[in-house]
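Please read the following briefing alongside the sequence and the coordinates.

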Amino acid sequence: MGKETPSYCEICGAPIKGPGHRIRVEGAEVLVCDRCYEKYGGKKPGTFSIMPTGRQPRRTERPVPGPKPQPKPHHERPLVTEEIVEDYAERVYQAIQKSGKSYEELSHETGLSVNDLRAIAHGYREPTIKEARKLEKYFRIKLIESGTEEPIEEKRTLPRDYEPTLGDIANIRIKKREK
């Protein structure tokens with residue numbers, strides 16, 4: 001009889017002494033040595049990864065979900081719009097003239113840049129709501145108009161002699177053809 005050729009571990013490449021062990025690695029059945037079997041063989045079939053983590057996965061129990069909180073009722077708030085008045089440039093310019101201060105001094109006190117103050121005062125640029133609030137607070141002038149708009153619901157009236165058509169009643173869905 002001839003000598004048996006030694007078999008090698010298909011993971012680490014070491015010669016296998018004895019019969020070896022067959023384990024499933026990512027769906028493939030491989031022959032491994034005793035050391036690799038101790039390392040990778042005790043896991044569930046199909047869950048092995050070639051990169052060992054060196055620690056056991058922690059099993060944490062998920063908390064039992066309690067009763068879901070009831071959603072808060074949604075109250076429709078009226079729509080509030082804020083707009084800058086049309087003559088903002090005149091108002092700001094007059095307030096600056098009344099104060100008797102330079103643009104540099106006012107920019108430090110209001111928190112706006114000199115260029116922004118000049119552009120707003122001369123009407124080159126409309127101030128943002130935030131900038132208008134700063135100017136209102138500093139100069140004690142009115143720059144923002146606020147109005148509440150309620151949604152307008154129009155009732156559609158139909159003439160007496162109106163006869164509905166199929167398109168008025170039916171909701172037609174058109175299927176797209178696959179090519």
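Helices (H or I, at least four residues) and strands (E, at least two) are taken as DSSP runs and are numbered from the N terminus. This is a predicted model, in which local features need pLDDT of at least 70 and side-chain atom pairs count only at pLDDT 80 or more, while totals for chains, interfaces and linings use all residues. Residues are numbered from 1 along each chain as its sequence is written, and side-chain values use heavy atoms, with hydrogens and water left out.

**Position A95**
- A95 lies in helix α2, and it counts as buried because its relative accessibility is 10%, where buried means under 20% relative accessible area, exposed over 50% and partly exposed in between (1.4 Å probe, protein chains only).
- Leaving aside neighbours within four places in sequence, A95 is in contact with F139 and I141, contact meaning heavy atoms within 4.5 Å.
- Between A95 and A121, which are 26 residues apart in sequence, the C-alpha to C-alpha distance is 9.3 Å.

**Position D116**
- D116 is found in helix α4, which covers residues 114-121, and it is partly exposed, because its relative accessible area is 24%.
- Not counting residues up to four places away in sequence, D116 touches R125 and E131; the C-alpha atoms of D116 and E131, 15 residues apart along the chain, are separated by 9.3 Å.

**Position E86**
- E86 is placed in the loop between β3 (79-84) and α2 (88-99), and it counts as exposed because its relative accessibility is 82%.
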